[in-house]
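My notebook is open, and I'm going through this one piece by piece. Here is what I'm looking at.

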Amino acid sequence: MSTEYETTVGVEVHVELLTRTKMFCSCLNAPQDVPPNHATCPVCLGLPGSLPVINKEALRLGLRAALALNCQVNEVIWFERKNYIYPDLVKGYQISQYEQPLGEWGYLTITGDDGNEKKVTIRRLHLEEDTSKLIHADGATLVDNNRASTPLMEIVTEPVLRSGREAEEYVRKLRAVLVYYGISRCRLQRGEMRVEANVSIAPKGSDTLGTRTEIKNQAGFNHMRSAIEYEVKRHAEVLDAGGTLTQQTMGWDDVKGCTYPQRSKENAHDYRYFPEPDLPPARIAPEWVKTEKTVLPCSYEEYLAALRSQGLGEPDIEALSRNDALGFLREASEAEPDKTVLYAKRLIKDVFSLVNSTGVPLDEAKLTPAAFRDAVVMLESGRLNGEGFRKVLDTLYREGGEAESIAAAADLIIEKNDDAVREAITKVLAESAAMVAEYKGGKVAVRNAIFGRVMKELKKKGDPKAVGAMLDEQLGQPDA
């Protein structure tokens with residue numbers, strides 16, 4: 001009979017920060033938006049004589065993440081060299097943090113396997129630079145150094161997760177929080193978020209953890225869960241057969257649905273960490289932390305609770321979450337929080353249709369929260385009708401700009417002159433005598449056709465409600 005085991009999982013998540021430039025130099029942080037090896041300089045290539053400088057915006061985003069994840073922020077931090085040889089590490093070392101990271105001992109809450117709230121302890125949150133990217137093509141391996149020194153944040157949990165399901169929920173929520181706060185886009189398909197899971201099992205009731213294996217760079221949440229569940233099963237089979245597990249790094253073959261060995265697992269001493277000689281220690285002033293706390297929006301959980309309290313349903317909240325639109329919605333509605341549901345409905349109905357029709361995700365579109373808000377205000381105030389609103393929104397989404405100027409340039413602002421509207425109605429009624437006679441005779445459906453002619457006469461610039469009311473006033477009631 002096989003032994004009953006308890007699973008232990010710890011998760012390491014690497015996230016590319018949403019900065020304009022790289023971690024230690026002024027190269028653009030746009031690794032996939034320029035030709036290979038065009039976003040490089042002597043600093044990110046580690047050429048002799050080059051000196052790194054810490055990116056303050058990366059530090060600010062890291063601080064924001066530490067606060068959002070309830071971490072203790074260290075007042076003094078420093079960077080170290082992590083030494084190892086690999087083809088994607090052109091310098092032969094990586095500037096990272098080890099002894100004194102930016103943040104420590106935070107947490108994120110999830111629903112545990114037992115259905116209760118569970119705090120997932122975050123041991124450390126530190127900043128570092130990313131490596132280059134290897135491209136395997138036509139039997140050769142090429143190196144693109146555009147990604148070298150991209151600002152990277154690593155978030156490491158304690159081994160407190162008990163299943164692939166818990167690990168998946170933690171990583172999904174972590175991604176949602178980081179996107180909500182504007183810290184990273186976390187686009188897995190572009191490598192902006194990469195997940196590694198450390199898995200071990202031990203007999204139930206044991207005081208010591210079993211031998212762990214690390215599953216590297218999972219491409220998606222489902223992949224990570226499947227890989228963890230496979231490793232747990234493999235560990236149990238090895239131990240039940242009397243075998244011994246080896247601490248090693250594993251890869252995941254999604255086609256075959258199994259893990260495979262990559263290399264023996266390194267420990268910290270293997271990297272020969274030592275303080276980065278070209279960067280002095282940095283002080284995170286308490287005043288800076290206090291200021292960042294002040295400007296930090298309400299927490300992700302608080303915002304979801306506020307949406308529910310305002311009457312937004314779970315399907316709508318799920319749609320906003322799925323499209324990474326919660327942060328966008330918060331910014332759009334922060335000046336008028338009582339209209340949050342209105343903005344949410346417009347996002348879901350009109351903006352998400354543009355996401356689908358253009359194939360461009362919201363975070364890559366030209367539409368800003370402020371421009372979206374202004375367009376909605378113009379619609380609600382009657383200065384744009386529905387069709388005009390959609391045209392303005394389409395232009396904003398594809399090209400950017402301001403709602404007012406786009407509407408004016410396209411001659412979409414609604415005519416508010418009641419005399420002009422009445423004149424248009426009188427003209428249409430005179431030209432549509434046969435239709436008016438049908439309406440008077442009891443064929444009320446023809447009223448819609450007459451209304452359409454009036455809107456056409458007004459070049460679709462009339463307020464539909466106002467035009468409809470005036471039309472009904474002039475048409476009168478049917479005779480039959």
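I started with G311, which sits just after helix 5 and takes a positive phi of about 100 degrees. Helices here are DSSP runs (H or I, at least four residues), numbered from the N terminus.

Ground rules, before I go on. This is a predicted model, where local features need pLDDT of at least 70, side-chain atom pairs count only at pLDDT 80 or more, and totals for chains, interfaces and linings use all residues. Residues are numbered from 1 along each chain as its sequence is written, and side-chain values use heavy atoms, with hydrogens and water left out.

**Helix 5**

Next I backed up into the helix itself. Which residues of helix 5 are buried? I found Y300, Y303, L304 and L307 in the stretch 300-309, where buried means under 20% relative accessible area (1.4 Å probe, protein chains only). Looking down the axis, I see these buried residues within an arc of 100 degrees, so they line one face of helix 5; the arc is taken from the directions from the helix axis to the C-beta atoms. That made me recall that an α-helix has 3.6 residues a turn, so residues three or four places apart point the same way.

The buried residues of helix 5 pack against helix 2 (164-180), helix 6 (314-322), helix 7 (326-333) and helix 8 (340-358). Contact means heavy atoms within 4.5 Å.

On the helix 7 side, L326, L329, R330 and S333 meet Y300, Y303, L304 and L307.

**Cores**

I then looked up the largest nonpolar core, and it has 109 residues, with M153, Y170 and F372 making the most contacts inside it. Such a core is a set of buried Ala, Val, Leu, Ile, Met, Phe, Trp, Tyr and Cys residues joined through side-chain atoms within 4.5 Å. Another core of 18 residues lies apart from it, including I425 and L471.

**L458**

Last stop: L458, in the loop between helix 14 (446-457) and helix 15 (464-475). Is L458 buried or exposed? I noted a relative accessible area of 11%, so L458 is buried. Leaving aside neighbours within four places in sequence, L458 is in contact with A420, V421, A424 and V467.

Terms used
Buried < 20%, exposed > 50% of the residue type's maximum accessible area, 1.4 Å probe, protein only. Helix = DSSP H or I, 4+ residues; strand = E, 2+ residues; numbered from the N terminus.
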